[in-house]
Amino acid sequence: MSMKSTLSVIGCGYLGATHAACMSSLGFTVIGVDTDPVKVAMLSRGELPFYEPGLDTLLAQEIRTGRLTFTTDFSAIADADIHFICVGTPQSKDGLAADLTYVKSAVTAVAPHLKEGALVVGKSTVPVGTAQSLREELAQLAPQADLAWNPEFLREGFAVEDTLTPNRLVVGVANDRAEQILKDVYAPILALGTPWIRADLPTAELVKVAANSFLATKISFINAMAEVCEAAGGDVTVLAKAIGYDPRIGSRFLQAGIGFGGGCLPKDIRAFMARAEELGAKQALEFLREIDAINLRARQRVIDVVRSDLSEDLTQYTIAVLGATFKPDSDDVRDSPALDIAVQLHAAGATVVVHDPKGIEPARKRFPTLTFAESVSDCVRGADLILHLTEWKEYRDLDPLVIGKLVKNKMIIDGRNALDRELWRSAGWKFHALGRSD
Ligand code: UDX
């Protein structure tokens, strides 16, 4: 082995492209492999196929060093010592479970090219037990290699930061050698004092889904409190602030609103439930069903407020929707609560105009029948109601006096509890928010 190992990254989507560019920035030679030639061509030119703050410049910079290359050809990985599997594990079409097709085919595709002592490292989120069975399969296909699991915890919008300065590194390994290889590769990150957790394969897989289940639970907890606040005449934003001062609770992830979406939280809790049932531990995760239900109910509750603010029959009304992505600083519209609400209002007959700083193109691809506006002014012009559904900074900075001149009706619903209610009200707006009764 040379001083610095050569790495391959299989699957160059959100996780893989980030991991490849970040590992290259640590000085490794990195070969990214993806089956999509369009994606590979873009990445090879140093262009990012999606929006992620900071990753575009990092990618371009690393391509220029010559250390980072992308290809569709699996044989290009033959020199690599470590192979990171970063392919997707979406929800399967016919149920709650995760679709493991891509992970399985990634392992089968790398197997013929693995050199003596190579380590395959899964980073994708998988149902517990997957790593063990893939390791057994690899022992058949490529006995000279080993397999470990190293879950990622990166958040969209903070992908580079979370990869290079994670709050912990978790490795699932079957022996000391695999742990040492991973310690060597992550040495620059460990040198920052990053906690290192060695686990067995099933525990490493579980850490990821447990973390996401906890986060989802925290959000649904505060959204359940929002429902109670609405019923009791309370204010969930004050409640969240007050309980958040208790360090055992903590104030983060207590933002009540239209709930969680994205490519991870919703599918991960569903796949976790499906897997627990297979394992005979269904009851242990029954509560996640409720977490999912509370989350989906939040979308419905916004639509109820729209109907009570406008009318049961929405066909005569124009609604401006601010936000299409599942959260700000991302162009990801997968399972986006904002887009789901826009689509439902459109289906109910309202004229819906959607704006998003980065997510219009991906949203249009998914829902070509929706109307999109390129600017906030175009979106809100003539609107009977504004729905604020993704808390982009651009929206938080809006001047209600300026916006007030464009709309038909000065009425706004804050689906994220992120706008300054007093500011909007003092500018003459009727302002409603989820979980705040007055
Ligand atoms: C998540 C996990 O945070 C990350 O560790 C994991 O690796 C992948 O899944 P991400 O999907 O990027 O990351 O988004 P996150 O920041 O966790 O937000 C998830 C959703 O919850 C968003 O739709 C967000 O709007 C919503 N959310 C978050 C709330 O509704 N309220 C909150 O207080 C926080």
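This is a predicted model: local features need pLDDT of at least 70, side-chain atom pairs count only at pLDDT 80 or more; totals for chains, interfaces and linings use all residues.
Residues are numbered from 1 along each chain as its sequence is written, and side-chain values rest on heavy atoms, with hydrogens and water left out.

The protein chain is divided into domain 1 (6–199) and domain 2 (233–433), with bounds that come from an automatic or database domain assignment. Taken over C-alpha atoms, the centres of domain 1 and domain 2 are separated by 33 Å. Contact, defined as heavy atoms within 4.5 Å, links 16 residues of domain 1 with 18 residues of domain 2. Between them the domains bury about 1400 Å², of which 55% is on carbon and sulfur atoms; buried area is the accessible area (1.4 Å probe) that two parts lose on being put together, summed over both. Of the area that domain 1 buries against domain 2, 46% is supplied by Tyr51, Leu96 and Glu156, more than by any other three residues.

The structure holds 34 salt bridges, a salt bridge being a side-chain nitrogen of Lys or Arg within 4 Å of a carboxyl oxygen of Asp or Glu. Between domain 1 and domain 2 the count is one. Glu156 forms a salt bridge with Arg334, and the closest N and O atoms are 3.3 Å apart. Glu156 lies in the loop between strand E6 (146–149) and helix H6 (159–164), and Arg334 in the loop between strand E9 (318–322) and helix H13 (337–347), so the pair ties together parts that are 178 residues apart in sequence. Helices (H or I, at least four residues) and strands (E, at least two) are DSSP runs, numbered from the N terminus.

One cavity of 30 Å³ or more is present in the structure, where a cavity is a set of points, on a 1 Å grid over the protein atoms alone, at which a 1.4 Å probe fits but cannot get out, and lining residues have an atom within 4 Å of a point. The largest cavity holds about 80 Å³ of space, the volume being that filled by probe spheres set on the points, which are joined across faces, edges and corners. Its lining includes Thr89, Ala98, Val128, Lys267, Asp268 and Arg275, and helix H11 (residues 265–278) gives the largest share, five residues.

Key. On a 1 Å grid over the protein atoms alone, a cavity is a set of points where a 1.4 Å probe fits but cannot get out, and a pocket is an open set with protein on both sides within 12 Å along at least five of seven lines; lining residues have an atom within 4 Å of a point.
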